[in-house]
Amino acid sequence: MSGQPDELVSFYGNSLKLAKCSLAVSKAYKAAAAPGATLWDLYPELDPDHRSMIEAVLAGGLPRNIAIGGSPGKSRSLLVFATDRGIGIIETHDARANSEASTGEADRALLLHQASHDVLTGLANRRQFTSDLETSFPVPKGQKLALMQLDLDDFKPVNDTLGHGAGDTVLKMTAERIQAVLRNGETAYRLAGDEFAVIQRGREPAEAEDLAGSLVRAFKEPFTIDGIDVFVGASVGIAIAPTDGNDGEQLMKAADIALYAAKNDGRGRARMFNRSMMIMLEQRETLRRSLRVALKERQFFIEYQPLVELSEGIVGFEALLRWRHPYAGVVPPSVFIPMAEADGLMGDIGAWVLEQACREASTWPSHFIVAVNLSPAEFLRRSFTDRVSGILDAAEFPAERLEIEITETVLLERTTKNLDILHTLEVLGVRIALDDFGTRYSSLSYLQSFPFDTIKIDRHFIKDVETNPKSQTIVRFVIGLAHGLGMRITAEGVETAGQATWLRREKCDRLQGHLLGAPMSSEAIGDFLRQGSFATGWIT
């Protein structure tokens, strides 16, 4: 579409300032030579309706033919089409404007645009991205090429809660925010869903980091959808050619790994690829493969941490899943549980934990309970309540001695099915605890809809409860809320006597943490109880 010298072809930036034009345009319009000339200077006859059409194309719309008249017997037409940095215009004259040739030219421009651009956002699409990336190699000696992979953070809840129409609006506004920070030599693409990419040519790595930082900051402000502020962040992975890859596939892989690192580090940030990321990813994939045989090869085991009622002493233990890898040693649950959930393994693993915990707890004093954490994947698994009932029967373990802990993530989608599962467990006699309260969505409507037996306050609020007035206010509020609704309160992460004393003073019901006992094997529980390892002397 660059045009031959005798064709009237011109290009304009997002502000509609003339960027470049063919020799024919320079000869036909004196205004083209003026510094800062705009589209309106070259074509002052464009009226408000024409301007609306042009702005629609500029916003990512399809090409438009605009008839702008001319002297008697001479008609003129402007074919306006979107470019990566604004719009382009092809001007046609006389009968040619209405001829089959002109129509064919417009059709070709339209088809070219549709084939290379995303319909929703107007950005170049994956097909164009693949073509542009491939033709960028080999990178000329002494030059750099930066590829940035950008994913939206917390986009799924927008679709889930506000609908796909709102999601589409966010994607359109995302494209606008990305375009707003780009300069010459930088092109944005929508690859799929909420995945975007930017190619930056002819810059130094430091400039790539600067651009990535600008992209992240562009998403700090909320999107306003129908009067509702929606916060959707962005994570960016950066790879530089030829250092990180000598072809498009290598560079894409490096940028993907950097993006994974950005998300793993907490999201809402940019990360530059380095070789250590590759090593960590390879180690992670090795663990992922090992996880598939861990249950079969009996690599999992359970440790138990005491649960202490301030009025009664020890009332039971929480079951904590552990994985002893044959070469890597004990792998933290924070590492392997997300893998198991992502790979669909948590259902079988969770069933093993529940059955093993019930069998081992059946040897404890008859008034002790066992608390078992439940992942969202297990909770939503088909016939979950039937499996719980079957495990209790097989282990001959009373339902009232089992406490199932669920997180607020399980309850994110407020559905009748979720409530039905909770009520069925209640009918079975199983106790239900809401874990990590206050760290995620804190849906108070669920506390109103379902009578949980226990609410667990996350350790985040307990660690500085002796000195931080804000933590004290939150903990007091949760204790009062739970008691007002007839529920009990458990404080997690109690490490000091001062914390325990403060919690007792505020009438917290149950404590859990290293002060009261570290996680231990089932075999160690008997000795722990006989030795009187637990004592109330630290509470003054």
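In what order do the strands of the open sheet with mixed pairing come? The order is 7-8-6-11-12, for 5 strands.

## About the model

What you're looking at is a predicted model, where local features need pLDDT of at least 70, side-chain atom pairs count only at pLDDT 80 or more, and totals for chains, interfaces and linings use all residues. Residues are numbered from 1 along each chain as its sequence is written, and side-chain values use heavy atoms, leaving out hydrogens and water.

## The chain overall

The chain has 20 helices and 21 strands; these are DSSP runs numbered from the N terminus, with helices being H or I of at least four residues and strands E of at least two. Of its 540 residues, 49% count as buried (under 20% relative accessible area, with a 1.4 Å probe and protein chains only).

Two strands pair if DSSP finds at least two bridges between them.

Strand 7 runs antiparallel to strand 8 (residues 195-201), and 6 bridges join them. Thr187, for instance, has Ile199 in strand 8 as its bridge partner. Helix 9 (residues 248-264) lies across strand 6 (145-153), strand 11 (233-241) and strand 12, running at about 145° to strand 11.

Methods:
Contact = heavy atoms within 4.5 Å. Axes fitted to C-alpha atoms, helices over the stretch in contact; angles between N-to-C directions. Buried < 20%, exposed > 50% of the residue type's maximum accessible area, 1.4 Å probe, protein only.
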